[in-house]
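Look over the sequence and the model before reading on. The text below then takes up its helices, a few at a time.

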Amino acid sequence: MELFELIKAVILGFVEGMTEFAPVSSTGHMIIVDDLWLKTKEFLEPGSANTFKIVIQLGSILAVVVVMWKRMLSLVGLYKIEGQTASRKFNLEHVIVGIIPAGVFGVLFEDYIDENLFFTSTVIIGLIVGAIWMIIADKFGPKRPKITSLDDLSYGKAFKIGLIQCLSLWPGFSRSGATISGGVMLGLDHKTASDFTFIMAVPIMAGASGLSLVKNWSEINPSDFGFYALGFISAFIFALISIKFFLKLISRIKLVPFAIYRLVLAAILIVVLYL
């Protein structure tokens, strides 16, 4: 594999790491950058190129584990979060309840999504509809959130947020955009909704990556492994840089500025592609 092709892996890792935690759709941004500029499908098999975009998200997810290690260990009883009690405790069951809907729909529709939705044109739709959903959440969600900590989250609300997360199966909609907005509508503050979104992403992305690797293994050449590794490492490093910044930023500016960015980006793409 040539040097410039390896540089493309680093660029896509940068795009993934810097956008994974913002509600702007990291997958959508990778598809846009790849379709309009990098064109990895010219030197990777189509299945391998799509799998790469899923697998490198594990780099960003590993960053979540590193940054939120105390909360992650508490899920399996290896660390006690201050203020937790038997009746007020965020646990592994909340995560399981939250990931079931997207897990089921992801397995059922994975082939359709891979074959029909990994295009810039479909990403534009996701950007616009997701932006509208985010604006609705900020404008019509409760003005005084009742849930300001993960330890206040009920199983019922975790499941409802999980249902809303299914919207993010459409590339461009954004997992964090869907679930943070859904959490806000259900009474969570922006920081708590973000925390739950990131923790749910760990098993979801691990499962999605594993499934995609198994299904497309025959299309992945051994020479692609360096490309995958560079993308993974790049995504991890840039995600570490961006995650703490985002968690502070979301509490201050809420969702509307991100929604405006999405609408502007969609408008630019429409002009570039269709006018």
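Does helix 6 pass helix 8 in a left-handed or a right-handed crossing? The model is a predicted one, and in it the crossing of helix 6 with helix 8 is right-handed.

Two packed helices are described by the angle between their axes and the distance between those axes. For helix 6 (residues 92-116) and helix 8 (residues 155-165), the angle is about 30° and the axes are 7 Å apart. Angles under 35 degrees count as roughly parallel, so helix 6 is roughly parallel to helix 8. On the side of helix 6, the contact is made by Glu93, His94, Val97, Gly98, Pro101 and Ala102. Helix 8 contributes Tyr155, Ala158, Phe159, Gly162, Leu163 and Gln165. Sorted by class, the residues of this contact are seven nonpolar, four polar and one charged.

The next pair is helix 2 (residues 26-38) and helix 12 (residues 256-274). Their axes lie 13 Å apart, and the packing angle is about 25°. Helix 2 and helix 12 are therefore roughly parallel to each other. The crossing of helix 2 with helix 12 is left-handed. His29, Ile32 and Leu36 of helix 2 make the contact with Tyr261, Leu265, Leu269 and Leu273 of helix 12. This contact has six nonpolar residues, one polar residue and no charged residues.

Helix 3 (residues 46-55) and helix 10 (residues 190-215) form another pair, with axes that come within 9 Å and cross at roughly 160°. Angles over 145 degrees count as roughly antiparallel, and helix 3 and helix 10 are therefore roughly antiparallel to each other. Helix 3 passes helix 10 in a left-handed crossing. Where do the two helices touch? In helix 3 the residues are Thr51, Ile54 and Val55, and they meet Met205, Ala208, Ser209, Ser212 and Leu213 in helix 10. Five of the residues in the contact of helix 3 with helix 10 are nonpolar, three are polar and none is charged.

Helix 10 also takes part in an aromatic pair. Searching the whole structure gives 11 aromatic pairs. One of them joins Phe198 and Phe246, whose ring centres are 5.9 Å apart and whose planes stand at 50°, so the pair is tilted. Phe198 belongs to helix 10 and Phe246 to helix 11 (residues 225-253); the two are 48 residues apart, and the pair links distant parts of the chain.

The last topic is a record. An unreviewed UniProt entry places the feature "transmembrane region" at residues 51-69, 90-110, 116-136, 196-213, 225-243 and 255-274. Residues 225-243 are 100% helix and 0% strand, with the end C-alpha atoms 26 Å apart.

How values were computed: Residues numbered from 1 in each chain as written. Predicted model: local features only at pLDDT ≥ 70, side-chain atom pairs only at ≥ 80, totals over all residues. Heavy atoms only, no water. UniProt positions renumbered as here; feature names shortened; annotations may be inferred. Helix = DSSP H or I, 4+ residues; strand = E, 2+ residues; numbered from the N terminus. Axes fitted to C-alpha atoms, helices over the stretch in contact; angles between N-to-C directions. Parallel < 35°, antiparallel > 145°, perpendicular 65-115°, else oblique. Left-handed = near helix turned anticlockwise from the far one by under 90°. Contact = heavy atoms within 4.5 Å. Nonpolar A, V, L, I, M, F, W, Y, C, P; charged D, E, K, R; others polar. Phe/Tyr/Trp six-rings, centres within 6.5 Å; stacked < 30°, edge-to-face > 60°.
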